[in-house]
Amino acid sequence: MAADTVIAPAPPAPVTSRAGLSPLARHLLLAVLALAAIVLLSMVVDPFTNVRLATVGYYLLAVAGLTVLTGLTGQVSLGHGAFMFVGAYTVALLVVYVPALPFWVDLLLAAVASGLAGALTGAAAARLTGPYLAGATLALAVGLPSVTQRFPDFLGGSNGLGFTVNSMPAGLAGTVPSTRWQAWVVWAVVLAALVLLANLTRGRVGRRLRAVRDDEVSAALAGIHVGRMKVFAFLVSAVCAGLAGGLQAFLLGTAAPGSFTPALSLSLLAAMVLGGVGSLWGALWGALALVFLQAGSEELTHALALGTDVSNNLPLAIYGLVLIGVVLAFPQGIHGIGRTLRTRLRPRRTPARTSADDEGEA
Amino acid sequence: MAEPPLLRVSDVTVRFGGLTALDRVSFTAGHGEVLGVIGPNGAGKTTLFNVVCGFQQAQEGSLRWRGQVLRGHSPHRLAALGITRTLQGLGLFGHCTVLDNVMIGADRHARTGGLAGFFGLRRTAREDRALRERAMAVLADLGIDGHRDALPGALPYGLAKRVALARALVAEPDLLLLDEPAGGLSEQDMEDLGSRVRHLAESMAVVLVEHHMDLVMKVCDRVVVLDFGRVIADGTPAQVQADPAVTEAYLGAVPRA
Ligand SMILES: Nc1ncnc2c1ncn2[C@@H]1O[C@H](COP(=O)(O)OP(=O)(O)OP(=O)(O)O)[C@@H](O)[C@H]1O
Ligand SMILES: [Mg+2]
């Protein structure tokens, strides 16, 4: 039949597997190299840049969580700032009210709290689709931070909670500046979480999540519990955001509702799209863009001495314009630039024929 | 005592509002047998599959699998029971490669839990390799292993249909439900499909919903005819073809002189 010859079969490559290294070992190795690079970088830059470095770190984790949710299961969350809020306040409350706990326990509990919030949201979300899901998660982002106003004594009202975390080992005090130490802590946690995420998404679970995203009926027929898979993705994603929030609180020494506006949630979503949906590398490009575009445009407005109305909103506007520009030129985001260019430069082959008789059933 | 049939559908009734899509439908499907289910458009064939798969709850009647009544039946349990299905269209995972599509179908063979996935242990890598080998074997058997890295949308329809079949077969089912597998196929592909279905019936039961009568009559051991949700005939292809009620159902729309 002619259709059989439309596409030349791929060369019969053997079924390969990177034998020897387990996925864990491979991803750990990469993470250790990355951490070493971060440590080196942190030694040569000033304290201010170290804070920025750490900021990229926790945004990277938040965006990575979002990309697992959207890229792998096709669920959209306009409310990931709310999970960052949960993580940040969990850390803040524990530091303030249970100062005896070591910081890593605080972070672990922040992960648990945000995971719980994520699972609940996911359970509700599994019954919602498209615009309804987006609306529900947006409501979360708008509503949750205002809880601080209801309990001003406990949660500090709109000023939030301020505190200091004494996490530096006694041996390092005096020799390592605190911002450098903070950058190390943030990146160590972020890279550890990314190793787990990479293991998950490259393996069988990632495949199951993608199946749910592409066709729920077929996924169910393959033995996948679709609802459970969606809730699981929300949980994982919220844990990432919660850890990011906890790390932000650690870095800034405060947790305040003003840091978790709906604009934050939208920025995270935009960073994911900008970087390239579904790829952990894309999350890195997105986080870099989020931090450095913001910083760059703040400096720009500063230099132009514009009024506060303009200077408060200009960074977001610039960010939006860059997003639109990149997505128009490279629909697969920054991470897809190479692939997009390659397909554009290659002469187009005979487009494959597909039948229109492809109705969604059941 | 004789072994019960693999699948026994008893008096299943499904109504959509005022429309009765299935009306006290009963039949059995046994190991080593190809059962055809035919009927005019809208007769209830797909609805019947949806009931067997748990997508559609029957208002009345029951399903038995290996003699056990299926209660609280839901689609994601099917594969573990040993039942797989292809859909009337393609239902492929459009953004996953051909190989991934088939590996997802093989998922019932995997054992490691979700936690192991987080830690990427050697065990999970080994299991993944085993799934891949199973998938590649089925792809090779269907002659499409060369397309393993393609996305389904890039394949011609006939090949994409084969990927859908591979995904169902790799689970090694005891009962295979095929909803119009020949739809959109060329003569040659249909020929291949026919002999493949015959071959498959040596190791499982196959239920075949099809509009191509020559294919049905050639490969089926038994044929159930549905019309407006009722079973109007159940017998060998020859018996069914000779049944006046069947001719009536198919020609019923044509006004007689
Ligand atoms: N979810 C539903 N809600 C309402 N009516 C439905 C639903 N699904 C099917 N029907 C109706 O039930 C009847 C049987 O439909 P079904 O899809 O089972 O037919 P079929 O035999 O598979 O037809 P075809 O050969 O066209 O695929 C049709 O009249 C159809 O319109
Ligand atoms: Mg049908």
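Begin by selecting strand β8 (residues 205–209) of chain B: 5 of its 5 residues are buried, so this strand is largely enclosed by the rest of the structure. The model on display is a predicted one. Show the side chains of the strand. Ala205(B), Val207(B) and Val209(B) point one way from β8(B), while Val206(B) and Leu208(B) point the other way.

Strand β3 (residues 34–38) of chain B pairs with β8(B) in the parallel sense, over 4 bridges. Within this pairing, Val37(B) has Val209(B) as its bridge partner. Strand β7 (residues 175–179) of chain B also runs parallel to β8(B), and 5 bridges join the two. Here Leu177(B) stands opposite Val207(B). Include helix α7 (residues 187–200) of chain B in the selection as well; β7(B), α7 and β8(B) make a right-handed β-α-β unit.

Proceed to the magnesium ion (ligand 2). Which residues coordinate the magnesium ion? They are Thr46(B), through OG1, and Gln88(B), through OE1, at 1.9 to 2.3 Å. Thr46(B) belongs to helix α1 (residues 45–53) of chain B and Gln88(B) to the loop between β6 (83–86) and α3 (98–105), so the pair ties together parts that are 42 residues apart in sequence. Thr46(B) is buried, at a relative accessible area of 16%, and Gln88(B) is buried too, at 15%.

Now display both chains and select Arg204(A) with Asp107(B). These residues form a salt bridge whose closest N and O atoms are 2.8 Å apart. The pair crosses between chains, from helix α9 (residues 204–214) of chain A to the loop between α3 and α4 (114–119) of chain B. Arg204(A) counts as buried at 17% relative accessibility, as does Asp107(B) at 5%.

From there, move to Arg207(A) and Asp128(B), whose side chains meet in a salt bridge of 3.1 Å, N to O. Arg207(A) lies in helix α9 of chain A and Asp128(B) in helix α5 (residues 122–141) of chain B, so this pair joins two chains. Arg207(A) is buried, with a relative accessible area of 4%, and Asp128(B) is likewise buried, with 12%.

Is Val96(A) buried or partly exposed? Val96(A) is partly exposed, with a relative accessible area of 35%.

How values were computed. Residues numbered from 1 in each chain as written. Chains lettered and ligands numbered in written order. Predicted model: local features only at pLDDT ≥ 70, side-chain atom pairs only at ≥ 80, totals over all residues. Heavy atoms only, no water. Buried < 20%, exposed > 50% of the residue type's maximum accessible area, 1.4 Å probe, protein only. Pairing = 2+ DSSP bridges. Right-handed = clockwise from strand over helix to strand, strands pointing away. Donors = N, O, S within 2.8 Å, 3.2 Å for Na, K, Ca; no water. Salt bridge = Lys/Arg side-chain N within 4 Å of Asp/Glu carboxyl O.
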